[in-house]
Amino acid sequence: MTINPYVPIVGLLILGALFALFSVGIAPIVGPKRYNRAKLDAYECGIEPAPQPIGGGRFPVKFYLTAMLFIVFDIETIFLYPWAVSFGALGKFGFVEMVLFIVTVFIAYTYVWRRGGLNWD
């Protein structure tokens, strides 16, 4: 009799779910119950939270520029890993293409740097 290869995976998922449910269920029972004003306040990196308008506030454009810059470097990393794995098989063509890609990303980086996109004021 052979065991289905998915049984250990399903068992691990069930074990993980049971552990999570047990941890969440037992925490209110055995956890400390000393509440004070500091514990009930919202925590924002140690800074007192500023009151927000009813409809939410406007975000500065720098938040979006930082997010786009992160995506650019994330995409660069996604392209560098497969290239590094298959570097030997690609030869000179792969090397030239990656140099052009890195130069393009470097030009975008210097543009953002010169425009002050990396300064967080």
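Met-98 is a residue of helix H4. The model you are looking at is a predicted one, so keep that in mind as you work through the tasks.

**Exercise 1. Decide whether Met-98 is buried or exposed, and find which residues it touches.**

Step 1: Start with accessibility. The relative accessible area of Met-98 is 8%. The cut-off for buried is under 20%, so Met-98 counts as buried.

Step 2: Next, look for partners, leaving out residues up to four places away in sequence. Met-98 then touches Phe-79, Leu-80 and Trp-83.

Step 3: Met-98 and Trp-83 are 15 residues apart in sequence, while their C-alpha atoms are 7.8 Å apart.

Step 4: Of the 121 residues in the chain, 6% are buried.

**Exercise 2. Work out how H3 and H4 are oriented to each other.**

Step 1: The chain has four helices and zero strands, and its elements run α-α-α-α from the N terminus on. H3 covers residues 61–85 and H4 covers residues 87–114.

Step 2: Read the geometry. The axes of H3 and H4 come within 10 Å and cross at roughly 165 degrees.

Step 3: Apply the cut-off. Angles over 145 degrees count as roughly antiparallel, and H3 and H4 are therefore roughly antiparallel to each other.

Step 4: The crossing of H3 past H4 is left-handed.

Step 5: List who makes the contact. From H3 the residues include Leu-69, Phe-73, Glu-76 and Trp-83, and from H4 they include Phe-87, Gly-94, Met-98 and Tyr-109. Sorted by type, the contact residues of H3 with H4 are 17 nonpolar, one polar and one charged.

**Exercise 3. Classify the aromatic pairs Trp-83 with Phe-87 and Phe-106 with Tyr-109.**

Step 1: Recall what to look for. A pair of aromatic rings is described by the distance of the centres and the angle of the planes.

Step 2: Count the pairs. With ring centres within 6.5 Å as the limit, there are four aromatic pairs.

Step 3: Take Trp-83 and Phe-87. Their ring centres are 5.1 Å apart and the planes stand at 70 degrees, so this pair is edge-to-face. Phe-87 has a relative accessible area of 39% and is partly exposed.

Step 4: Take Phe-106 and Tyr-109. Here the distance is 6.5 Å centre to centre, with 35 degrees between the planes, and the pair is tilted. The two residues are three apart in helix H4, so about one helical turn separates Phe-106 from Tyr-109. Tyr-109 is partly exposed, at 30% relative accessibility.

Step 5: Join the pairs up. Phe-73, Phe-106 and Tyr-109 are linked into a cluster by ring pairs.

**Exercise 4. Describe the surroundings of Phe-95.**

Step 1: Locate the residue. Phe-95 is part of helix H4.

Step 2: Check accessibility. Phe-95 has a relative accessible area of 46%, which means that Phe-95 is partly exposed.

Step 3: Find the partners, again skipping residues up to four places away in sequence. Phe-95 touches Trp-83 and Phe-87.

Step 4: Check the spacing to Trp-83. Phe-95 and Trp-83 are twelve residues apart in sequence and 8.8 Å apart in space, C-alpha to C-alpha.

Notes
Residues are numbered from 1 along each chain as its sequence is written. This is a predicted model: local features need pLDDT of at least 70, side-chain atom pairs count only at pLDDT 80 or more; totals for chains, interfaces and linings use all residues. Side-chain values use heavy atoms; hydrogens and water are left out. Axes are lines fitted to C-alpha atoms, for helices over the stretch in contact, and angles run from 0 to 180 degrees between N-to-C directions. Angles under 35 degrees count as roughly parallel, over 145 as roughly antiparallel, 65 to 115 as roughly perpendicular and the rest as oblique. A crossing is left-handed if the near helix is turned anticlockwise from the far one by less than a right angle, and right-handed if clockwise. Contact means heavy atoms within 4.5 Å. Ala, Val, Leu, Ile, Met, Phe, Trp, Tyr, Cys and Pro count as nonpolar, Asp, Glu, Lys and Arg as charged, and the others, Gly among them, as polar. Rings of Phe, Tyr and Trp (its six-membered ring) pair if their centres lie within 6.5 Å; planes under 30 degrees apart count as stacked, over 60 as edge-to-face and the rest as tilted. Buried means under 20% relative accessible area, exposed over 50%, partly exposed in between (1.4 Å probe, protein chains only).
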